Amino acid sequence: MAKNEMYEIMKNVERIRKGYYTNFIPPNYLKQICNKLFKDEFYIYYPYKDCDKVILYTHDIPHISLYEIVSYNSLKHSDILGSLFGLNISNEMFGDIVIFDGKYYIYLIDDISQFIVDNFKMVGRNYVSLREVPLDTLNDYKRQFEEHNVVVSSLRIDTIISRIVGISRNYAKDKISNGDVLLNYTILENTSYLLKPGDIFSIRKFGKYKFIGVLNKTKKDNYIISYCKYI
């Protein structure tokens, strides 16, 4: 584990031990933080069912708000994320970006929300604004997936990326080498990693996917695999 990742984990462990709450914790940090704490030291707050990012707290549920990203044009999840990072804030400063019924939403902790509201004005070439909406706006939201089956020659992640997004294997390797692929919310470095059922991987500019597993093998010993693409 990289030094900066360990620093982030220990920083959040100390916040809990001092009686505070954390910011938004991604799944790859959550298990590490929980393993360093006693079960009765913290609670977990889930902004909505099946969310990726959660908040750990000790006594009171932290104050968070839900904002609609108002735009006259359609937006991409990756562009919204890039614009947020363009504000020089870290990943833990905001919760999941949710696209629901053609609208875009983001969860913010109240401590940082005003700064983001005041400065988040552009996504790509589109002017945007943030409008606070009730937290129960997403009560009926469920994660949306498209399930696909394809034939691949190997379970290597570079091979599967090449197949499902329609790029060359060399280009897929370059994406990994450039840090453009996250595996289970951590930058992937191993181009020959063999995907396992339940692995979640994101490819910059191509989207987010979940590997379901091998369904069968062909007569030529290729694999018929199933995967989901997040919508």
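Colleague: Why is Val123 called buried?
Modeller: Buried means under 20% relative accessible area, exposed means over 50%, and partly exposed lies in between, using a 1.4 Å probe and protein chains only. Val123 has a relative accessible area of 2%, so Val123 falls under the buried cut-off. This is a predicted model, in which local features need pLDDT of at least 70 and side-chain atom pairs count only at pLDDT 80 or more, while totals for chains, interfaces and linings use all residues. Residues are numbered from 1 along each chain as its sequence is written, and side-chain values use heavy atoms, with hydrogens and water left out.

Colleague: Where is Val123 found, and which residues does Val123 touch?
Modeller: Val123 is in strand 6 (residues 122–123). Strands (E, at least two residues) and helices (H or I, at least four) are DSSP runs, numbered from the N terminus. Contact means heavy atoms within 4.5 Å. Not counting residues up to four places away in sequence, Val123 touches Leu75, Asp79, Ile80, Ser83 and Val128.

Colleague: What makes the buried residues of helix 4 lie on the same side?
Modeller: The buried residues there are Ile112, Ser113, Ile116 and Val117. They cover an arc of only 145 degrees around the axis, which puts them on the same side of helix 4. The arc is that of the directions from the helix axis to the C-beta atoms. These buried residues pack against strand 3, helix 3, strand 5 and strand 8.

Colleague: How many bridges join strand 3 to strand 8?
Modeller: Five bridges join strand 3 (residues 64–70) to strand 8, and the two run antiparallel. Ile69 stands opposite Leu130 in strand 8.

Colleague: Which residues of the largest nonpolar core touch the most other members?
Modeller: A nonpolar core is a set of buried Ala, Val, Leu, Ile, Met, Phe, Trp, Tyr and Cys residues joined through side-chain atoms within 4.5 Å. The largest has 27 residues, of which Ile33, Leu56, Val98, Tyr107 and Leu138 touch the most other members. Helix 1 (3–17), helix 2 (27–35), strand 2 (55–57), strand 3, strand 4 and strand 5 each supply at least two residues of this core. A second, separate core of 22 residues includes Val150, Leu188, Tyr209 and Tyr227.

Colleague: Lys175 is a lysine in helix 6. Is Lys175 buried or exposed?
Modeller: Lys175 has a relative accessible area of 5%, so Lys175 is buried. Leaving out residues up to four places away in sequence, Lys175 touches Asp180, Val181, Ile203, Arg204 and Phe206. Ala172 and Ile176 are also buried in helix 6.

Colleague: What covers the buried residues of helix 6?
Modeller: The cover includes helix 5 (157–165), strand 10 (181–183) and strand 12 (200–203). Three bridges join strand 10 to strand 12, which run antiparallel. Val181 has Ile203 as its bridge partner in strand 12.

Colleague: How do you know that the radius of gyration of the chain agrees with a compact globule?
Modeller: The radius of gyration is taken over C-alpha atoms, and the globule rule is 2.2 Å times the number of residues to the power 0.38. For 231 residues a compact globule would be near 17 Å, and the chain has 19 Å, which agrees. Of these residues, 44% count as buried.

Note on methods
Two strands pair if DSSP finds at least two bridges between them.
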